[in-house]
Amino acid sequence: MSADTALWYTSRATGVVCLLLMTAVVLLGVLVTRQGRLPGLPRFAVTGLHRNLSLLAVLFLAIHVVTAILDPFVTIGWVATVVPLASPYRPVWIGLGAVALDLMAALVLTSLARARIGRRAWRAVHWLAYALWPLSLAHSLGSSGDLRSGPLLWLSAACAAAVAAALAVRALAGANQVPAARRPAVELARQEAAARQEDLLAHRQAVLGGQDPALARHHAALAARTELAAREASR
């Protein structure tokens, strides 16, 4: 294998791995609950998994960009990696990749400066990750003929189907979720219903055990009157 062929294969392979990693990152972002958890995993595990997958995606993306530029089969240039439509080779599709790279850089930089810019600004920029994935998919399908047929086409379709299914699940969960303005009232009603249920259960247990609450109160009152009468008689 020559050096040029090795660059070609490396560029294509890292591009496919980037697509898989970005799909996994998006799936985690979509499916994670408000508490930052996934079923069966604690919060710290989900956070660590999301961070490590994102870092791997950045690493493979860097290799993909460098090998694509060094590959003599096409002429892209360093400027075209960050400036859309600057590439002489398939400018539209390479331009979509440049936009995706710019969004990735924004996510990395804001994550590094999260303590300084604040959580609200970081979260606003972090929403760009959801735009990063479709741009990357379009770039992959348009710039590489390998992904438009054969097993890689099925792999791309599987990634798209997985993201679509995750979005559907999240949309259904959001539709069934109580609005923030009604949550206090709903929670209060739930607690009241739970208290009534506990009272009913306690009453049933008392009846089954031969300790009817009304009868118990009558016996207590009778004992109190008997004790009071005994005190009056001893004076």
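Among the elements of the protein chain, helix H3 (residues 91-112) has the highest mean pLDDT, 88. Helix H9 (residues 213-234) has the lowest, 56. Here pLDDT is the predictor's confidence in each residue, on a scale from 0 to 100. Where pLDDT is low, the predicted coordinates should not be read in detail. The chain as a whole has a mean pLDDT of 77, and 68% of its residues reach 70 or more.

This is a predicted model: local features need pLDDT of at least 70, side-chain atom pairs count only at pLDDT 80 or more, and totals for chains, interfaces and linings use all residues. Residues are numbered from 1 along each chain as its sequence is written, and side-chain values use heavy atoms, with hydrogens and water left out.

Now the overall fold. The protein chain has 9 helices and 0 strands. Along the sequence, the pattern reads α-α-α-α-α-α-α-α-α. Helices (H or I, at least four residues) and strands (E, at least two) are DSSP runs, numbered from the N terminus. Of the 235 residues, 25% count as buried. Buried means under 20% relative accessible area, exposed means over 50%, and partly exposed lies in between (1.4 Å probe, protein chains only).

Start at helix H1, which spans residues 3-31 and holds Thr5. Thr5 counts as partly exposed because its relative accessibility is 31%. Thr5 and Pro72 are 67 residues apart along the chain, yet their C-alpha atoms are separated by 9.5 Å.

Helix H2 carries Leu59. At 47% relative accessibility, Leu59 is partly exposed. Leu56, Leu59 and Ile63 make a nonpolar surface patch of about 240 Å². Patches are made of residues with over 30% relative accessible area and no salt bridge; like charges are joined within 9 Å, and nonpolar side chains (Val, Leu, Ile, Met, Phe, Trp, Tyr) within 5 Å. Accessible areas come from the Shrake-Rupley method with a 1.4 Å probe, and for residues only the protein chains shown count as cover. A salt bridge is a side-chain nitrogen of Lys or Arg within 4 Å of a carboxyl oxygen of Asp or Glu.

Next comes the loop between helix H2 (43-70) and H3, where Leu85 lies. Arg90 sits in the loop between H2 and H3 as well. Phi of Leu85 is near 65°, a positive value in a residue other than glycine. Phi of Arg90 is near 45°, again positive in a residue other than glycine. Most residues other than glycine have a negative phi, and most peptide bonds are trans. Leu85 has a relative accessible area of 61%, so Leu85 is exposed. Arg90, at 31%, counts as partly exposed.

Helix H3 contains Leu96. With a relative accessible area of 23%, Leu96 is partly exposed. Leu96 and Val82 are 14 residues apart in sequence and 9.8 Å apart in space, C-alpha to C-alpha.

Helix H5 (residues 119-126) includes Arg119. Arg123 is placed in helix H5 too. The relative accessibility of Arg123 is 43%, so Arg123 counts as partly exposed. On the surface, Arg43, Arg114, Arg119, Arg123 and Arg170 gather in a patch of positive charge. Lys and Arg count as positive and Asp and Glu as negative, while His and the chain ends are not counted. The place of a charge is taken as NZ of Lys, CZ of Arg, CG of Asp or CD of Glu.

Leu128 is partly exposed, at 32% relative accessibility. Leu128 and Leu107 are 21 residues apart along the chain, and 7.7 Å separates their C-alpha atoms.
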